[in-house]
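Work through the exercises below with the sequence and the coordinates open. Each task is followed by a solution in steps.

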Amino acid sequence: VSRFGPFAGIVMHTAQTRPDNPALVDERGQLTFGEVEALSNQVARGLAAHGLREGDVVALLARDHRGTVLALSALGKLGVRAVLMNTGFAKPQFADVAAREKIKAVLHDSEFVELMSAIPAEIPRILTWVDESDNVDPSIPTLDSIAAGRSPDQLAAPQKPGGMVILTSGTTGTPKGAPREKVSPFITAQLVDRIPLPRNSTMVVAAPIFHATGLSQFGVGLALGNRMIFQQRRFDPEQTLANIERYRAEALVVVPTMLQRILDLPTETLGRYDVSSLKVIFAAGSAIPGDVVTRALDHLNNSLYNVYGSTECAVISVATPEDLRLAPDTAGKPPVGIRIRLYDENRQEITAPNVPGTIFIDNPHGFKAYTDGRTKETIDGFMSSGDVGHFDSRGLLFVDGRDDDMIVSGGENVFPQEVEFLIANRHDVLEAAVIGVDDRDFGKRLRAFVVPGPDSKRDAEEIKEFVKTNLARYKVPREVVFLDELPRNATGKLLRKPLQEMEIGE
Ligand code: ATP
């Protein structure tokens, strides 16, 4: 099974053990594991007939639906490497990543047809999903058309798994490619150690599969024989609740901004849906503000699990609902098999509680290098996460922020996230971001960007005063800039670079 790579192997295994379990539901209906497996064999033969061979690299640019599942499974069967492209890419990023990864073909949804002008015309295209309203050339083959009439029987395993390239979020620049070659049953073990994930049940997957959060949960869900509900190619908070109610889903997979959008629905809308079936909300990808955590526990069946992880390391720690009741901003504890160490700036290990340091993990999945050859700092086999954090005396981990986001102002260290979450928690603020800008006297000074709510007076002084009464003086922004929205990527992560580059008048 492992020769088929991290995804096809899982589908194949569950299809052998539980062929009649429903595997997914999308706008076209339901498919069982047996059907997914047979269809992916047909698609694999179709892709081979279109010239794809073991060792080739293919870009997949698709939302969450059966086409994505069939494509990933079929590529795994052929030993073709899949590069999971971000659906939020603009042309330059798509072109950069496609060139860096040396792709030989593109599998994409009709929605992204415009983006294809960013890459050479001779690269073949195959459609993973077609919307009637999109203007696509009818001569472009679809997964349906290439699969038609082909044998659904198992293919011979490739010599080597093709694997996948998962892109990082690109929070710090062009997304890096993190290769993942093998099936890792270990991830499942780690997760079930801390999270009571359902089996032979139903999960609503709202997080996109192209991102490590959605992909890993999707893989784990399939391994546990679960049915995935994908009825929203674009995230819609109310539709998510409706799907939980309709399918009596026991798990929901989200990135934190999705959770926030669900909880921002009017209370009467939230109360209209029966979410009593929910046992696990799996939220990962960025920190969750403490007030969002508490509201989620109160309104969504006390089922929130905050998962701290990264594309390179997968799961690093998990906070259970019990941990989050003790400390809403904790990232919890590492699961089985993960060891965490904190190192100070001189790379001396920190063992005392409440002392922050860079978080290092013992790299259980053997990440070696990004596809561009860059590596991560490693000490005694422990790999840097790039984040700074601390443990409290109970052994709970707190992620203070990214190493490179830290602002040193007047010799004091400030993690912007703390200030951002505080400002965003005001009733008249929708969201906030804080960056450091060069300052003659302090080295850096804090600049806050605030998206005001409808009842905001847009009073910068009031916001500064508010921070002053809640946090240390050096954490008070010297400037407050009001914006209509903050720059975010497709998974809702805040992008600080555009803010840093923004010209601000006096
Ligand atoms: P790039 O490396 O391209 O800049 P990225 O680091 O944002 O992108 P990801 O691998 O998607 O790419 O994100 C991992 C990072 O997200 C972690 O290192 C951490 O900073 C943050 N993160 C993820 N989950 C959590 C969480 N539960 N709590 C706090 N931070 C989190």
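A salt bridge is a side-chain nitrogen of Lys or Arg within 4 Å of a carboxyl oxygen of Asp or Glu. By this rule the count comes to 33 salt bridges. The model is a predicted one, in which local features need pLDDT of at least 70 and side-chain atom pairs count only at pLDDT 80 or more, while totals for chains, interfaces and linings use all residues. Residues are numbered from 1 along each chain as its sequence is written, and side-chain values use heavy atoms, with hydrogens and water left out.

**Exercise 1. Salt bridges**

Task: Locate the partners of the salt bridges Arg28 with Asp144, Arg496 with Glu420 and Arg445 with Glu479.

Solution. 

Step 1. In the pair Arg28 and Asp144, the closest N and O atoms are 3.1 Å apart. Arg28 sits in the loop between strand S1 (22-26) and strand S2 (29-32), and Asp144 in helix H5 (residues 143-147), so the pair links parts of the chain 116 residues apart. Helices (H or I, at least four residues) and strands (E, at least two) are DSSP runs, numbered from the N terminus. Asp144 has a relative accessible area of 48% and is therefore partly exposed; the classes are buried under 20%, exposed over 50% and partly exposed in between (1.4 Å probe, protein chains only).

Step 2. Arg496 and Glu420 meet at 2.6 Å, N to O.

Step 3. For Arg445 and Glu479 the N to O distance is 2.5 Å. Arg445 belongs to strand S24 (residues 443-452) and Glu479 to strand S25 (residues 479-482), 34 residues apart. Arg445 counts as buried because its relative accessibility is 18%. Both residues are part of a salt-bridge network that links Asp439, Arg445, Arg447, Arg478 and Glu479.

**Exercise 2. The nonpolar core**

Task: How many residues does the largest nonpolar core have, and which have the most contacts inside it?

Solution. 

Step 1. Apply the rule: a nonpolar core is a set of buried Ala, Val, Leu, Ile, Met, Phe, Trp, Tyr and Cys residues joined through side-chain atoms within 4.5 Å. The largest such set has 94 residues, and Leu47, Leu259 and Leu304 have the most contacts inside it.

Step 2. Find the main contributor. Helix H3 (residues 66-78) gives the most to this core, with 7 residues.

Step 3. Domain 1 (2-183) and domain 2 (191-403) both supply residues, so the core lies between them.

Step 4. List the surroundings of Leu47. Beyond its neighbours within four places in sequence, Leu47 is in contact (heavy atoms within 4.5 Å) with Leu52, Ala74, Leu75, Leu78, Leu107, Ile126 and Ile146.

Step 5. Note another core that lies apart from it, with 18 residues, among them Ala59, Val97, Ile123 and Leu167.

**Exercise 3. Domain 1 against domain 3**

Task: Describe the interface of domain 1 and domain 3.

Solution. 

Step 1. Take the bounds, which come from an automatic or database domain assignment: domain 1 (2-183), domain 2 (191-403) and domain 3 (406-501). The C-alpha centres of domain 1 and domain 3 lie 40 Å apart.

Step 2. Count contacts. 6 residues of domain 1 touch 6 residues of domain 3.

Step 3. Take the buried area, the accessible area (1.4 Å probe) that two parts lose on being put together, summed over both. Here that is about 440 Å², 47% of it on carbon and sulfur atoms. Asn86, Ser169 and Thr171 supply 75% of the area that domain 1 buries against domain 3, more than any other three residues.

**Exercise 4. Asp392**

Task: Is Asp392 buried or exposed, and what does its side chain reach?

Solution. 

Step 1. Asp392 lies in the loop between strand S19 (382-391) and strand S20 (397-402). Its relative accessibility is 11%, so Asp392 counts as buried.

Step 2. The side chain of Asp392 reaches the backbone nitrogen of Arg394 at 2.8 Å.

Step 3. Setting aside neighbours within four places in sequence, Asp392 is in contact with Pro353, Asn354 and Phe398.

Terms used:
A polar contact is a pair of N or O atoms within 3.5 Å; within protein, one must be able to donate a hydrogen and the other to accept it, and residues adjacent in sequence count only if both atoms are side-chain atoms.
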